[in-house]
Structures are given as C-alpha cells and as structure tokens.
Protein chains: 2
Amino acid sequence: MGSPGRLHELGRVAIEEPRLLSRALAHLDNVQVAAQLDTMEIGAQDLVLHALGVARRPSVLEHMRLESAASIVARIAPDDAAAILEELELDDITDILQQLEPERLRELLSRFNPEDIEEVEELLTYDPATAGGLMTPETVSVRDEATVAEALRTVQQKDELPDQVFYVYVVDEDERLVGVTSLRILVTRNPDLPVREVMRTSLVSVTVDTDQEEVAHIVSRYDVVSVPVVDSQGSLLGVVTVDDVVDVLREEATEDILKMAGAGEAITDTQTFGTSFRARLPWLMGAAFGGLLVAISLSRFEEALRTVPVLALFMPVVAGMGGNVGTQSSTIVVRGLAVGYVNREMLRSLVLREVSLGALLGVVTGLSVSAAAATLGFEGIETLPLVGVLTGGLVGSMTIAAGVGAGIPLVLERMQIDPAVATGPFVTTAVDVLGLLFYFGLATVLLEMPG
Amino acid sequence: MGSPGRLHELGRVAIEEPRLLSRALAHLDNVQVAAQLDTMEIGAQDLVLHALGVARRPSVLEHMRLESAASIVARIAPDDAAAILEELELDDITDILQQLEPERLRELLSRFNPEDIEEVEELLTYDPATAGGLMTPETVSVRDEATVAEALRTVQQKDELPDQVFYVYVVDEDERLVGVTSLRILVTRNPDLPVREVMRTSLVSVTVDTDQEEVAHIVSRYDVVSVPVVDSQGSLLGVVTVDDVVDVLREEATEDILKMAGAGEAITDTQTFGTSFRARLPWLMGAAFGGLLVAISLSRFEEALRTVPVLALFMPVVAGMGGNVGTQSSTIVVRGLAVGYVNREMLRSLVLREVSLGALLGVVTGLSVSAAAATLGFEGIETLPLVGVLTGGLVGSMTIAAGVGAGIPLVLERMQIDPAVATGPFVTTAVDVLGLLFYFGLATVLLEMPG
C-alpha cells in the first residue's frame, strides 16, 4: 500500500524497467495484479506472468476477467495451463475451459487428474448462463439423521472446500435435499442432537437449467450467500455461490444497457473492431430502413416544404424531443420489467400515466421553445403560426412518443421477445414517422397549405 | 409450492376472499409475501399485514423494497412499527428509518431499547450511499493473542449474530484490524494455536465514507462475502455484507440506465407523476433548447430547402442515424468507464476506433439506403445527386457522431462530471447540429446551390 505510485503500473514497469518487476509485484495483492493484467498488452502480460511465479498464478488468474484469463490459458504451454487450472475451483475451471477452442480444451483436460476430468466434463455439459453452468459440486452435505457432532466432523474432514462454502446442506436417505444449516448453528448447538432438529427446512433451490438471471433474482431477494442446485428428483448436485451471482448481476446490467443502445450484448462484443461492427450493424440497418420509411411517408409534404421551408428547420427538434421522451418511457418500462418493479396489473395505468406525462412535458417544453423561437424570429413564418405549429407539434410528437415508448416493450414482452433488444429501432422509427406526420399535418391545417 | 395458482395473488385474495387470506399466506414464504406486498395497493397491503401475524412481520418487512417497507413503517401504529423494527438487523433498521420524516423517526426511535438507540443514531450519521451507511456493527472480532478455542467460544457466545456473518475478524491490543479468519478455519485447526497463526493478514478494508460503488467493486473483485469497515486509526467499526452489495449493484445499474435516458436516478423517481415529471423535465428542457440551436444553425439553408425540398425528407434519417451511432459509442464508453473496462491509457485509441467504426458503418448503411431510395425514386432530385448526398450525409453524420459520442463522456469524466447524467443531451444536440450542417453543406456543394 505504501509503495511508490509508479510501481503500480505493472505494464509500464514490465516493459521499461523489468528489473523492478518483482518488487512491484510484491507491493500488490493478487486481485490488484489481476485487474492490471485485464487491460494489459499481451507482451507485458507474459512478462508479468513469468515474474509472478508458480504459487501466485492460479489466484491471480482466478480474479481476472473470464475472457482475459481464457486468452492466457489458450496461449501458454499446455502443461503450465493445466497446472494453473487444477488449482482453481471446479466452476472457475469450467468457465475458463468453455471459452477455449475444442481442441485446446481436450488438450488441457487430458492433463488433469482422472477424478477431476469426470466432474469437469459433467459441468461442461451445462449452458454457462444457467445454474448448472454457474454451480460448483464442491459443497458439504450431511444426512438428516447425523448428529450435530457428526456433521461438524464431516466439515472438518473436507479439507479442500472452497472458501465460499458457508452452509451445510442436509439430505435424506435418498440423497434428496431436505434442509440447510450453518457452521455457526453446528458449533452452538448440543452436539448430540440430530441435525434434523437444528436445520431450516424452508429453503429455496434451483435446478441445473434455471436461468442465471433467475438465480441472481433469488439470491438478491432471499439474501443468501449460496443457492443449492438439485436434479429433477430433488437430489443435491452442487451450489451456486454469491460471488458468481455478483458477476452475473454486473454482466446482465451491462447487457441490458448495451442492448438498449443496439451496441451488442456484452462488453466483449465491443472490444475488437470486427465484433463491434457485427454487433452494431443489424440494429443500425434496421434504423436506416426505418429512416427511409420516414422519408417516404413525409414525401407528400414536399409542396408544403417548398412553400414554407422554415418548417424543415424544426423537424429535428420535433423528432428529437419525441425520441427523447420515447426513450425515457421505454427505459422506465424495460428496466421496470427487468427488476420486477412493473407487473402485469399495472400495465394499462402505466401507459396512461406515460402518455399524460408526455403531453404535459410537451406543453411545458413546447411553450418554452416556441416563446424563445418567436422572440428570435424566423424568416418566412409569422409569430402566431410559428408558436402554434411548434408547440402543437411538440405536444403531439411527445404524447405519441410516450405512448409508443411505453407500449412497444410491453407488446414485445407479451410476444416473448426480449424488450431490451428490440425496443430501440421500433420506437425510433415509429416516433419519427408518427411525430413528424402529426407535425406536418398540423402545419398544413394551421397554415392553410395543400396537404 | 404446490398451492393453487389463484391463492398466489395475495392482493386479490385480500380484497375479494379475505377468509382465504391466512391459507394463502401459509403457502408462501416470507420473501414471496414481501415481493407481492411491494406492488400492492395500500388497502390490500394493510389487510395482508394484519393477517400475517406478529411473528412473520419483521422478516417479511426485511425482504421488501426499502421504499415500500418505509411507507408501511410510516403508516402503522408507532408501537407496532417500533416492535417490528427492533427485530431487524441494525443496518436494515437504519436504512428504513432514513426514509422517514424526521418527526416520525424520532417518535419510533424513542420506543427502542436504550442500548439500540445509541447504535442506530451513530449509523444514521452516515451517508446511505457509503460503507458507513451500508454497514452493520454486528460482527465478531477476537484478539490476535486469543487461542483458536477461545475464538470459537467467542462465536458461540454471540447468540444474536446476523445470518450473514461468516468471517471472524482479528484485532490487536489497540482494536486495530490485523487479520481475518473463518469459522471453518477455527473448527479445523489445533484449538491451542494462537489465532494470529491461523489468520489471513492480507485483507481489504474500507472506511465509513468509502462510496458504495467502490465497496461493490471490492466485493465483486475480491470474491468476499463481507468487507470490514474501519475508522482512520484502523479500528474495526463493522462490516458491509454481500446481500447489501447485491442490492447496490442492482440499484447502480438501474441508476446508470435511467440517467443515460434522462429519466431520473432511481425507479422511485419514476413512480409518481410529480417525481417523474421533475426528474425528466430538466433533461428534456436542455434537449429542447439544443433543438432550437439546431433550427438556428440550419436557418441559413432555408433557400436551399425551397429549391430542393426533398432534402428535408432525409433530415430525420441523417440526424437519427447520427444519434444512434452517437448513443452506441457513448454507451460503450460510459458503461466501460463504470465497470472499469476502459482506462486512461486506452482513451485515444478508443476514440479513434469509434470514429473509424462510425465511418465504416456509415458507408455500409449509407450505400444500402441510397440504393433503395434511388430505386424508389424521389421527386425533385436526380438519382446520382440523391445517392451522393444521402451516402455522404450518412457517412459524415455517423463519423462525427461516433467521435462526439465517444469523446463527450471522456471529457465529462475528466471534468469530474458524471458521464451517465450529462452525456445524453450534449451528444444529441451536438450530433444534430454538426451532422445536419455537414449534410446541407455537402448538398449545396453537390447540387451547386447557394449555401
């Protein structure tokens, strides 16, 4: 902690002052080293890994981002990679292996202890975005008939338990999960009592194919540090621990944010030029053809534009304000659906509320902007029509946008389409078309022009 | 779990079939009841709370959303409210009290046990968005000189420990935090060893004023289930447990998403008409005056618009596509900064990459849309100029937008302004002004019109 600031930049030290690298590493803990490796060039990464020594490598790798850790495992000598991986917990091993090419995966797996191979292969069969993909089979379970003292001895004998195991699960004679207790309960109760009498029987479990978002939801609602995973017979297969859930929460939030902007589903989608291009193109292509639709639907107003070209100057503010309100409404609904603040019963009142909010916000911003525009004066239009068209256009566009913005994600949700993905381009196009048609329609009426 | 589906809707049962309410409640666990209360009307909420009975109320309240729990505590009889609160953990009590009017807070506090009052008052002095605001003082610490057996006895004697305490912290003679161990270590090691020899000394701690986002970052990086909070002398004051961190992560993600859309900072900002109006108006007002700026800067092209009004039809697609790319770029940068994927060293290459991506995406979407537009044909413009102006306009607008979208959050970050809040309106306005100026400028050159 008291180390000089310059030593903190491992990447720079590795390249420019390699002799100082060991000293720099001694000043940082494994997590700090991991965080720096995550954003380091490959060349410097290799130098740091080499200087790190065999003992620290597994723990550093464990705390790196999955993609960065996997790229290292894919790059270094297979024997070294296998040696590092075997020190990690089974769920972390599986996560990293899952990122590798099949060939590399087999190459590494063949170097594992035979007993580990089977468990890893089993875990590899699960979808990474499910409880099966997140769980580790390393957990402690005891029979319900065991005494507290026997249960305690079981815990004491398991010497390779991961740090994150805090609960002791209780199973019946058919290995079915029937309860849970904790080490703290075991050390405070009468050692001769059967575990059955000190366990809690109301516990939530998930199955291997429960979606990771649902697992995260359960952990966050129930305030537990791990969730047991059971098979269809109710037998305990493993646990998902809270550290994995924390990662899921960060990942899902990022995913929702990026999806709403049409910028891919994960930060990794945005890391190389090619993946970023591919992640963003479909969304933009959709929006571009939406824009063409806007041009087509407005073409009937070409004559009106020739007569009063000043109308075109306010198209961006009319469309843009609609877009802003539409985005706000859809964001509130999409996020509300994601975190469970919005439920089916509220839908109608929610859309109604958004529409009236959009109208009110339209009146306030419309009057303010028209007043300012009237003060400035624009060529080719009188003050009164200007205020009327601009205020009316903004109110109309923003009201429509609020309804569309709140409504589209609800419709998509009902059609089982992920609202975070599809809402953006639909809302933008619909708002532009409807808002601008309203604006020009209003203008032709107010200015008594041919429509 | 096997209960009939209709009984799950507590709100409906409470109002329509009150006699079935107790049976419905018996089928649901406290967390399920809490989740339903969160989205229930006040009238039904009161019926459910009444039917719930004294024993279940604290645990149900503990699992409710903070705002819903606080609104119940503010509403029911002070004696009942104080009785429920006193059953909760100190950090949860404080969180709820912090939501109340000062008068109500004092009224409830005066009903607490004298010993609790002091601790709660101490906790109330901390900012809720800091480690001090999240921590609970209920934790276990032992002296480094104690033996393993003595440490174990300390744990056994603390009977009111919250469930989420899994670590045992070790302090020196001056109460300074020097290490950490766990119950699992204590039950597996030689009881006569001093704790000093079984503790881990490399541990991360935070101070009371560490921001909650930083605390969440530490928990997620270090994979711990609680973080100790120390004062400036390094003395242990309490711990922040992972269940609170999970809540922080959800809250911060929602906050970032809403802020980027200018829709407030929390879902609560969007719940009533008035708060939602106030949260959204400033952002929209900024965007509206930005739109006026756009109109002013385009007014020099009024003559060009009168000559070739078809130019106006493509303004929405030019501005809109710029807006889309700008949002994608700014989202990637804002989220990248928030989760730490973007660091200072990458800034220049990141902006460069976004600009070239924007240009390439502009070429691809521009050529596609122009080809389609040329096939359709538009009145008042030849095919070749149409393709040239439209493709050129999209490439220019999208390139500028990518640069502006990636650059503005980086500039705001450097000026210590939260990029999630301020990026939106700036990017929209800048993209509209610059993109459309480029488009019209290009058109006047290609169509040899007066500029």
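**Note on the predicted two-chain model**

1. In chain A, the centres of domain 2 and domain 3, taken over C-alpha atoms, are separated by 51 Å. The domain assignment of chain A lists domain 1 (5-126), domain 2 (141-249) and domain 3 (269-446); such bounds come from an automatic or database domain assignment.

2. This is a predicted model, in which local features need pLDDT of at least 70 and side-chain atom pairs count only at pLDDT 80 or more, while totals for chains, interfaces and linings use all residues. Residues are numbered from 1 along each chain as its sequence is written, and chains are lettered from A and ligands numbered from 1 in the order in which they are written.

3. On confidence, the model scores ipTM 0.74 and pTM 0.75. The mean pLDDT (the predictor's confidence in each residue, from 0 to 100) of chain A is 86, and 92% of the residues score at least 70. Helices (H or I, at least four residues) and strands (E, at least two) are DSSP runs, numbered from the N terminus. Over residues 1-5 of chain A, pLDDT stays under 50, and the model has two contacts beyond four places in sequence for this stretch. Two residues are in contact if their C-beta atoms, placed from the backbone, lie within 7 Å.

4. The contact between the chains takes 97 residues from chain A and 97 residues from chain B. On the side of chain A that touches chain B, helix 16 (residues 273-298) of chain A gives the largest share, 16 residues. By class, this side has 59 nonpolar, 23 polar and 15 charged residues. Here Ala, Val, Leu, Ile, Met, Phe, Trp, Tyr, Cys and Pro count as nonpolar, Asp, Glu, Lys and Arg as charged, and the others, Gly among them, as polar. Because 100% of the interface residues of chain A are also interface residues in chain B, the copies meet through the same surface.

5. Helix 3 (residues 30-38) of chain B is largely enclosed by the rest of the structure, because seven of its nine residues are buried. A residue is buried if 20 or more other C-beta atoms lie within 10 Å of its own, exposed if 12 or fewer, and partly exposed in between; C-beta atoms are placed from the backbone. The cover over the buried residues of helix 3 of chain B includes helix 14 (212-222) of chain A, together with helices 1, 2, 4, 5 and 6 of chain B. In helix 2 (residues 21-26) of chain B lies B:Ala26, which is exposed, with 9 other C-beta atoms within 10 Å.

6. In helix 14 of chain B, the buried residues include B:Val215, B:Ala216 and B:Val219. B:Val245 touches these three residues, as well as A:Val246 and B:Val240, not counting residues up to four places away in sequence. Helix 15 (242-260) of chain A is among the elements that cover the buried residues of helix 14 of chain B.
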